[in-house]
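Biologist: I am new to this one. Please take me through a single part of it closely.

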Amino acid sequence: MAKRILQIVESAYRGTLEEQDDTVVWLTHAMKGAGAELSLLLQGHAVNYAVRQQDASGLSFGDRRQTQPPRIHEDLARLVDKGVAVHLVREDLEERGIDAEELIPGARPIAFAELPRLCAEHDLVWRW
Amino acid sequence: MAQYLLIESRDPLSDADAARFQELAARLARAGNEVTFFLVQNGVFPARRGARREQLARLAGHGIQVLADDFSLRERGIAEDRLAPGVEAAPLSVVIDLMESGSRALWH
Amino acid sequence: MTGKRTLTFVLMDPPYENARTTTALRLVDIAVRRGHDVNVFAYEGAVYVPFARQAPHPNAVHGRDVEQEDHPNPKDWVSAILQEAGRRGAKVDWVQCGLCVDERGAAECIPGLRRGSPADLVAFVASSDNALVIPTR
């Protein structure tokens, strides 16, 4: 059986405009496609990735416009569609004033206290 | 129960997230897991006895083994006899020891 | 004595910008010295760690010429680790994430490494006894 990996993502909006992705959300997609068994836990500022109203469009330098801005909330929604559990630390949502109705469907707020249980359900726990 | 190795390369003096990582260590220990908290790089700053935020002793109180990379300590002039209670100097090879024995290894 | 293991390390940082690169290479070196097989997945900026065009320089502030300064280029550390692995019968499979290489123009790396993809990381996970991600900030 494939090892189950819990990806904990805390670093947020780091290089996402240059990369046109969050590189760990992207990597999670790519690894899932290659057969990995993964779950995602977003904490800290990364919980904001699940907010539906993000819009990073319009960046330009000189006459060079960015045509493929990152759409990280959509990438998360596609992970949910692929069967990847996407968890959000509830305390971090509350600390940032993010209401449940702002979030993509399928994202699962959990209390920080549940992390030991979540870790125990996975063979590897990777912090990004 | 499982073994966990939490490697802390940052410090609460400059990084608010470091407290959250310590909290995770405490929760894993309270859940019955064997936890090692390994300080490296600037993560060793709170290990100096008298540092203003000596939360490391609280981790040791949870039964967590708190170790500090001896190279990082020496690099910063923190003598081994000036470590906070509950913290021991250790070689970085301990990380490999624990990975060999199957600890789930997380880096902050 | 512990038996031979296969350990995987995922690196993200370019050299010179913080201490994580050095600590990561210290860990790989320790594992290799113990005779373990080591997989390295160099992701994002870490593809610059073995960049072939790194060059040493003198240090006028310290009054040292190039030879005296003996400035460490991380690519040389990686080469040294690969050589040590050869002496110890350990295998190092260092994969440079291909898309990360492309977008950074970092294709020129030292010999002994290979270009790869996230599929290689998945394969590493499957074949490793343990894996550690050393994330960037």
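How many residues of chain C are in contact with chain A, and how many of chain A with chain C? After that, please turn to the sheet of chain B.

Modeller: This is a predicted model, where local features need pLDDT of at least 70, side-chain atom pairs count only at pLDDT 80 or more, and totals for chains, interfaces and linings use all residues. Residues are numbered from 1 along each chain as its sequence is written, while chains are lettered from A and ligands numbered from 1 in the order in which they are written.

On chain C, 12 residues are in contact with 15 residues of chain A (contact means C-beta atoms, placed from the backbone, within 7 Å). Two elements of chain C each give two or more residues to that side: α5 (118–127) and β5 (130–134). Helices here are DSSP runs of H or I with at least four residues, strands are E runs of at least two, and both are numbered from the N terminus. α5(C) gives the most, with 6 residues.

Now the sheet. In chain B, 5 strands form an open, parallel sheet in the order β4-β3-β2-β1-β5. Strands pair if DSSP finds at least two bridges between them. β4 (87–90) and β5 (104–107) of chain B stand at the edges with a single partner strand each, so one side of each has no neighbour in the sheet. The twist averages 25° from one strand to the next (axes are lines fitted to C-alpha atoms, for helices over the stretch in contact; angles run from 0 to 180 degrees between N-to-C directions).

Look inside the sheet. β2 (34–39) and β3 (65–69) of chain B pair in parallel over 4 bridges. B:Phe38 has B:Leu67 in β3(B) as its bridge partner. Helix α4 (93–100) of chain B packs on the sheet and touches β1, β2, β3, β4 and β5 of chain B. Its direction makes about 150° with that of β1(B).

Note on methods
Two residues are in contact if their C-beta atoms, placed from the backbone, lie within 7 Å.
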